[in-house]
Amino acid sequence: MYDGVSSLDALLQALQNLDDLYGTIDGAYKQSYHEGKFQRFDEQEEGDAPTLPSVLDNPQLQQQYPQDASPSKP
C-alpha cells in the first residue's frame, strides 16, 4: 500500500482515467471528422511515386518531390 491506497483501488482508478482519456479523444476525433478538419491521405503501393494532387496538397511531399519545370530527358 502506498498513501493508504490498495493496489486494486489504484488499478480501478487508472482504468477509470484511461476510460475518461479515450472518451475525450473520441469526442475530439468525432468533432474534427464532422467539421472536416482532417488531412486526407491515399495509400500508395510500395515504390509508386505519389500522385500530383497529393504532392500539391502536402508540403513535405513538395520538398521530397520538387516540381521540375525543365522537360524530362528520354
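Modeller: We will go from the overall fold to one helix, and then to its side chains. Keep in mind that this is a predicted model.

Biologist: How many helices and strands does the protein have?

Modeller: There are 3 helices and 0 strands. Along the sequence the pattern reads α-α-α.

Biologist: What share of the residues is buried?

Modeller: Of the 74 residues in the protein, 5% are buried. The accessible surface is about 7200 Å², and carbon and sulfur atoms account for 54% of that surface.

Biologist: How far does α1 reach from its first C-alpha to its last?

Modeller: The helix α1 covers residues 7-35. Its 29 residues reach 42 Å, close to the 42 Å expected at 1.5 Å a residue.

Biologist: Which residue follows α1?

Modeller: Gly36 follows α1, and the phi of Gly36 is positive, near 75 degrees.

Biologist: Now the charged side chains. How many salt bridges are there?

Modeller: The general idea is that side chains of opposite charge can pair when their charged atoms come close. In this model the count is 2 salt bridges.

Biologist: Which side chain meets Lys30 in a salt bridge?

Modeller: That of Asp26, with 3.2 Å from N to O. An α-helix has 3.6 residues a turn, so residues three or four places apart point the same way. Here, Lys30 and Asp26 both lie in α1 and are 4 residues apart, about one turn of the helix.

Biologist: Are these two buried or partly exposed?

Modeller: Lys30 is partly exposed, because its relative accessible area of 43% falls between the cut-offs of 20% and 50%. Asp26 is also partly exposed, at 35% relative accessibility.

Biologist: With which residue does Lys37 form a salt bridge?

Modeller: Lys37 pairs with Glu35, and their closest N and O atoms are 3.2 Å apart. Lys37 is exposed because its relative accessible area, 59%, is over 50%. Glu35 has 45% relative accessibility and counts as partly exposed.

Biologist: Which residues make the nonpolar surface patch?

Modeller: The patch is made by Leu8, Leu11, Leu12, Leu15, Leu18, Leu21, Tyr22 and Ile25. Its area is about 780 Å².

Biologist: Where is Leu21 placed, and is Leu21 buried or partly exposed?

Modeller: Leu21 sits in helix α1. At 44% relative accessibility Leu21 is partly exposed. Patch residues need over 30% relative accessible area, so Leu21 with its 44% passes that cut-off.

Notes:
Residues numbered from 1 in each chain as written. Predicted model: local features only at pLDDT ≥ 70, side-chain atom pairs only at ≥ 80, totals over all residues. Heavy atoms only, no water. Salt bridge = Lys/Arg side-chain N within 4 Å of Asp/Glu carboxyl O. Helix = DSSP H or I, 4+ residues; strand = E, 2+ residues; numbered from the N terminus. Buried < 20%, exposed > 50% of the residue type's maximum accessible area, 1.4 Å probe, protein only. Expected span 1.5 Å × (residues − 1). Patch = residues over 30% accessible without salt bridge, like charges linked within 9 Å, V, L, I, M, F, W, Y side chains within 5 Å. Areas by Shrake-Rupley, 256 points an atom, 1.4 Å probe, with all protein chains shown as cover.
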